[in-house]
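Thanks for asking me to look this over. Please have the sequence and the model open side by side as you read.

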Amino acid sequence: MKRSVEMEKKREEERVKKAEMARLKAERARAYEEPEWAKVDGEVEDDVAEEEEEGVRKNELYCVACGKKFKSDKQWKNHEQSKKHKDKVAELREAFGEEDQDNDDDDEDDNNDIFGGDADGFVSADEVEKLKEQFEGVEIQTEEKGDE
């Protein structure tokens, strides 16, 4: 019994000593003033904060189709296999497919307007003559590069 009392006393002394050390350390930290040469401008602090945010963003995965963020590869892979995700992706593909068709049709119309022929890029001899007449009098100048 005498031994356990001594052990308890030792533990209590250690706790008091640790608490005192922690108090002194906190007091020194509060009293610490950074030397002038070591102080950082506000701009640099902002840059560091932005870099840290970018680091966090790099670890995040984002599904554009569903508008969801994921913090791990496992979550991302599970999401990719989900029915909701697959439905959204199919929906987007359809929407983009229709948009592409509309754009292709517009491009063909534009090509016909410019070249006056098919959208295959070929022009008839008559159309070449028309273009020659259109650009008659236009001089093409080329720059000669000299060795300097």
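The numbered points below go from the overall layout to individual residues.

1. Some ground rules. This is a predicted model, in which local features need pLDDT of at least 70, side-chain atom pairs count only at pLDDT 80 or more, and totals for chains, interfaces and linings use all residues. Residues are numbered from 1 along each chain as its sequence is written, and side-chain values use heavy atoms, with hydrogens and water left out.

2. Layout. The protein has 5 helices and 2 strands, in the order α-α-β-β-α-α-α from the N terminus. Helices (H or I, at least four residues) and strands (E, at least two) are DSSP runs, numbered from the N terminus.

3. In the model, residues 2–29 are 100% helix and 0% strand, with 41 Å between the end C-alpha atoms.

4. Burial and surface. Of the 148 residues in the protein, 4% are buried (buried means under 20% relative accessible area, exposed over 50%, partly exposed in between, with a 1.4 Å probe and protein chains only). The accessible surface is about 14600 Å², and carbon and sulfur atoms contribute 49% of that; the areas come from the Shrake-Rupley method with a 1.4 Å probe.

5. Contacts along the chain. Among contacts with a separation of 6 or more, 5% join residues 24 or more positions apart. Contact here means heavy atoms within 4.5 Å.

6. The cysteines. How many disulfides does a search of the whole structure find? The search finds 0, a disulfide being a pair of cysteine sulfur atoms within 2.5 Å. For cysteine 63, the nearest cysteine sulfur is that of cysteine 66, 3.7 Å away, which is too far for a bond. Cysteine 63 is buried, at 2% relative accessible area.

7. Histidine 85. This residue sits in helix H4 (residues 83–115) and counts as buried, at 10% relative accessibility. Leaving aside residues up to four places away in sequence, histidine 85 touches Cys63, Cys66, His79 and Glu80. Do take a look at this group in the viewer.

8. The aromatic pair. A search of the whole structure finds 1 aromatic pair. The ring centres of phenylalanine 70 and tryptophan 76 are 5.7 Å apart and the planes are at 65°, so the pair is edge-to-face. Rings of Phe, Tyr and Trp (its six-membered ring) pair if their centres lie within 6.5 Å; planes under 30 degrees apart count as stacked, over 60 as edge-to-face and the rest as tilted. Phenylalanine 70 is buried, with a relative accessible area of 9%.
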